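The report takes a pair of helices and then a sheet.

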Amino acid sequence: MGKIAPLHQNVKLFCAVTSDNHIDWKHPVPAVPMWYLTQSLKDAEKSLRPMDAYITVGDTTSRGSDRNWTMTEKCFKKANPAKHIFLTVGNHDLWHDEGFEKARENYLNYSNRICGTSHTETWFSHTVNGYKMIFLGNTRDAGCEAHLGEEQLRWLEKELDEADGRPAFVFCHQSLNGRHGLPRTWDRNESATDPMEGGIGEESDAVAAILKRHKNVFYFSGHSHMGLCGEARKAAEGYASFEREDGVELINLPSLACGNHHGDDRSMGIGVLIEVYEDRVVIRPRNFARHTMNRKVLIRNGKPYLEVPVQKG
Ligand SMILES: [Fe+2]
C-alpha cells in the first residue's frame, strides 16, 4: 500500500495508463467497473509527484451509449488525476444501437468534455513535456478489429518522424496481430483459429513497419483482457505482456475492470505507470485499486518492471 511515486529522481514525463474499463449500465453490478475506474483516478490524483497524463487504451465503455458515457463522466468528475486526460477509442466504444456514426459522435463529444480537448477525429496526438503521445482510432466500424486507413497510417509515420528519436508513445486499442500470445490468448477458451484474431487485423504489418522504422517507440494496447504475464511465461509459453521486437517495445495492458485470463496476475485494477528520464524509460505495472506496485511478476531482467535505456542516434 502506498501512494504513487516515480522510481527515480528527475522524471520528465509521468503518466498513468489503464485499459478496458468497460463502464456498462447492463453490468450485473454497474457500480463495480465504476469503482475500479474511480479508484484508479483517485490513486493518480494522490500521486506524490503530480501526474502529467492519465490515459486509457480503449473500451472505456462496453457500448458507446449516452447512459454509459454519462456514468463514465461521473467517475472522472470525482477526481483530478492528471494535467492531461486522453481516452483512446476502443471497439466497444464504437458500438451503438444506432450505428457507428452515433457511437463515434458520442465518443468525440463525451471524451472531449472529459479531457477538455476538441478532437474531431478518433485519432490525434499531443506533445506533453516534449514527448509525442499518439492515439490511433477506427475510421469505420471494423467489428473487433481496427481500421485506421491510409491517411492515418501516413500521419502516424509523420508523427513518429517528428518525434525525432525521442521516446514516443503510441496507443492503439488492438495489439499487432499474433503478439502477446494471440490468437491463443484472445479468450480464455483459446478458441480463436484465425491468426489475425484479437489483433489490429489487415493493417498490422503496415503499422509494425512504421513503428520499426523509428527509435524509442513504445506501443500500448489492451483489448484481449489478458492478465499480467512476465518473462517466465515468455520463456515457458512464448508470450508476455511486455514484448520487444526489432527495438520496438510492445506493452499489452490487462482489463482494469472486466476480468482477465492467461495471466500470472489476473487481478482487476492493474495498469501501468510511464516514467521518462533523460537516459531511460521505465514502465511499471501498478494495481491502482490496491494502491500497490507489482512485485510478483518479473517483467524483464528479473525486475518487476520494464527499464530500458533511450537508444541514441
Ligand atoms: Fe475490452
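Which residues in H2 meet which residues in H3? Asp66, Trp69, Thr72, Glu73 and Phe76 in H2 meet Asn106, Tyr110, Arg113 and Ile114 in H3, where contact means that C-beta atoms, placed from the backbone, lie within 7 Å. These residues divide into four nonpolar, two polar and three charged, with Ala, Val, Leu, Ile, Met, Phe, Trp, Tyr, Cys and Pro counted as nonpolar, Asp, Glu, Lys and Arg as charged, and the others, Gly among them, as polar.

This is a predicted model, in which local features need pLDDT of at least 70 and side-chain atom pairs count only at pLDDT 80 or more, while totals for chains, interfaces and linings use all residues. Residues are numbered from 1 along each chain as its sequence is written.

The axes of H2 and H3 come within 10 Å and cross at roughly 10°, which makes H2 roughly parallel to H3 (angles under 35 degrees count as such). Axes are lines fitted to C-alpha atoms, for helices over the stretch in contact, and angles run from 0 to 180 degrees between N-to-C directions. Helices (H or I, at least four residues) and strands (E, at least two) are DSSP runs, numbered from the N terminus.

| Helix | Residues |
|---|---|
| H2 | residues 66-77 |
| H3 | residues 100-115 |
| H4 | residues 150-163 |

Six strands form an open sheet of mixed pairing, in the order E4-E5-E6-E7-E9-E8, where two strands pair if DSSP finds at least two bridges between them. The edge strands, each pairing on one side only, are E4 and E8. Helix H4 packs on this sheet, touching E4, E5, E6 and E7, and its direction makes about 165° with that of E5.

Note on methods. Angles under 35 degrees count as roughly parallel, over 145 as roughly antiparallel, 65 to 115 as roughly perpendicular and the rest as oblique. Two residues are in contact if their C-beta atoms, placed from the backbone, lie within 7 Å.
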